[in-house]
Amino acid sequence: MTDLKPANPQTQSLEGAPAFEVDQVAKVHVTFFKDFAANTRTTEDLTLIELRERILNASAREKSKLPWLKLAAFGNQRSVNGSLRHDANVTEITGIELDYDDGNIAFEDALKAANELGISGLVYTSPSHTPDAPRWRILALTSQPLPPKVRAKLVARLNGFLKAKLGADKVAASESFTLSLAYFYGWVTNNRDRDHRAEVIIGDFIDLRDDLTEFEALGAKAADETSAGESDPFADYSNRYGPKRGKSDEELLALLKQSRATPGKGWREPMLLFIGSTVGKGWSDFQIKSACAPYSDGGIDDPDIQELIDYTRKKFGKPEPDQAESGDATSAGPKVAVDPVDLWGNFKPPSLPRGLLPDVIERFAHDQGMDMGADMSAIAVSALAVCAGAIPDSVRLQVKRHNTGWFEAARLWVALVGPPSSKKSPIMTAAARPLRKIDADQARDYADQRAVYDKLPKEEKLKTNPPKQVRSILQDTTIEAAQDVAKDSPDGLLCYQDELSGWFGSMDKYSAGRGSAKDRSFWLEAFNGSTYSVQRVGRGLVYIDNLSISLIGGIQPEPIRQIADEAVDDGLLQRLLPIMVSPAKAGRDEAASAVVAEYNALIRDLHCLGNATLRFDDGAQAYRHELELKHLNLLSLEFVHRKLAAHIGKYDGIFARLCVIWHCTENMVGFGDIPAVISEATARRVGAFLHGFLLPHAMAFYTTVLGLSNNHDHVTAVAGYILSRGLTEVTNRDLKRGDRTMRRLSPEAALAVFEQLEAFGWLQRIPSRLRGAPAHWLVNPAVHKKFAERAKSEAARRAEVRQTIADALGPGVEP
């Protein structure tokens, strides 16, 4: 986890302490929760200096709105309330936290004691701290990730030393011993008496300080209980997971998903618990291995799974049932735990995460969201688009270390997708206001210069170059107007569209003649950023040295659905970052926050940046390569949704562009200057934002607005037919008995629909017994259980259609 080096003897304050000191650039794994509910989390490896900056910069108007941190790693097991933050879900600790809230021991005294102790960590004031009522916390690092059961001993070690050093009867609050408890960090802007501080302490890892064991008894919590030992993997099973037998299909599926999501050797426990339950239910080895196959690396023949099965049968004395594996997939019956996807459901995108965005952007989004009652996610991404428009294209990133031909500048296309009542226009107005002011100043300067030029005598005018129309905002979206502005604006523009439907519509104004192909080609080039030239009739050659345009606009779901259905699929739509805007709420009426001025200043500073060629450091470059492989794997979604896969195909470049924005907004060291190297920490925050926020919004857009799959109407028609008829098996012949949509499917189209339903967990392919005959498809029994209500409504709808037809044809026709 960190590097150790010999310590300076003068820093040692305890006799016999080990002669090691933690490197200040060492990193600690931190888990962040945005709120008490802890339904979502982000993780980051930070140096103590970076963690200190994070703590100092976080702020909110109320304590309850501040984020939480924890020096631990968590799995994916949720509590009954959906929380990820509970004791059973802690997989390992990377440090300990000690919380002091009695209000008597000053922060300076605690800091002095921690420094004398000589451990590696950080001391910071809690949000409720005041000079008169001090409250503080100490974060102490461990040398490596450790089992959760050792945490209480390390807390007692630190607590005991502080009690002895400070002469206090009590230091650590009792909650300090709670394994999964996370802690607020940051400061409350409405607290006038705030004295927010955070100081790094350099020394040894707390777990390596065996000389402190003498303090453990003094600092231990009364009646402290440690977790169950590791000798028996089924220890404490009933308390944590309920009885071993009788678990529902949903609970079994949750264990399999937890096993797949848990890194390292941690996968074994939930998998073993699944196997223990299914062995108790009387499943055969083949049934168990079939269920485990999608969640294990070795598939149905994974030797690790067989080893766990053998161990469990021996443990509980449960031999293989008589009807052991037959080799027929149908004999496994309905017990393979596959959760079918709701083909009619709406996928809710995540809310704005905390701790990933540049600090000013995050605080601006939260503050303006509360003022306007608008979606903070839309405000934040709109602000990122404005930052992209403000940063000159002369600031660019060489994406690969050795490829000198691939550069990316800060250029984003953002689409706010939501109903008219979602306040899309006020959101964009607030985000773009500082860049609009810059653009207005540029327009006035151009008008003044043009007026002077136009008054020149004819002879002098022929010798004088006309003034250039340098702009920052573009609103007239005909390509002729855009070309005139872009040729004098090599640093790039922000195209601001209150309604994106008008932007798309402007490309079709010549549809009766040359069509929109040239318009779309122009905008595709503007997204890429490159030279551009066009020969106009009567006006000659127009040459643009750098055609670079960022885009922000709003649109309602129905118009963009129609645009997607009717437009040529040339990738223009997939270049947009769609943000699903939540409905508006009541705002507040308060004086403008200081963060608005900070945001305005940020945009002005970004606009003034000079030339810079950026590069990734080694860690960031390795992480970029890791994401590149991840994006390649995600392209397999093309089988289910071509447009979504094409959108993900742009993520390598979008990741690089976001890194430019993050780096520039956070690292301006002087007027117009920025460091040349983008750090791994920045890259990882960008990656977490891209995959934890932007990708889920894209999936919600493509699956909810445009349809969950390719030919989604065909897929839902077949799915509805399966439900209404209660089918347990379906073939091509069944489709000929369905509605017109199903009957028109060719054998090839029917196969594509069946394969997509298989991918969604609805069907399982069974080879035909006849050579060359089409496959049969078993229906997952969970489909009928999960969508029972949908089946009733689907059957009622079809009966109503038949009755309507019968009524229309007159008497004598039976429905």
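Ring pairs join Trp413, Trp503, Phe504, Phe522, Trp523, Phe527 and Tyr532 into a cluster. Here, rings of Phe, Tyr and Trp (its six-membered ring) count as a pair if their centres lie within 6.5 Å; planes under 30 degrees apart are stacked, over 60 edge-to-face, and the rest tilted. Please keep in mind that this is a predicted model, in which local features need pLDDT of at least 70, side-chain atom pairs count only at pLDDT 80 or more, and totals for chains, interfaces and linings use all residues. Residues are numbered from 1 along each chain as its sequence is written, and side-chain values use heavy atoms, leaving out hydrogens and water.

A search of the whole structure turns up 18 aromatic pairs. Helices (H or I, at least four residues) and strands (E, at least two) are DSSP runs, numbered from the N terminus. Both Trp503 and Trp523 are buried, where buried means under 20% relative accessible area, exposed over 50%, and partly exposed in between (1.4 Å probe, protein chains only).

Arg396 lies over the face of Phe407, 3.8 Å from the ring centre, and Lys461 lies over the face of Tyr453, at 5.4 Å. For this, NZ of Lys or CZ of Arg must be within 6 Å of the ring centre and within 35 degrees of the ring normal.

Now turn to helix α1 (residues 48-57), where Leu48, Leu51, Arg54 and Ile55 are buried. Seen down the axis of α1, the buried residues fall within an arc of 120°, so they line one face of the helix. The arc is taken from the directions from the helix axis to the C-beta atoms. An α-helix has 3.6 residues a turn, so residues three or four places apart point the same way.

What about the cysteines? The whole structure contains zero disulfides, a disulfide being a pair of cysteine sulfur atoms within 2.5 Å. Cys387 is in no disulfide, and the nearest cysteine sulfur, that of Cys664, is 9.4 Å away. That distance is too far for a bond. Cys387 is buried at 0% relative accessibility, and Cys664 is buried with a relative accessible area of 0%.
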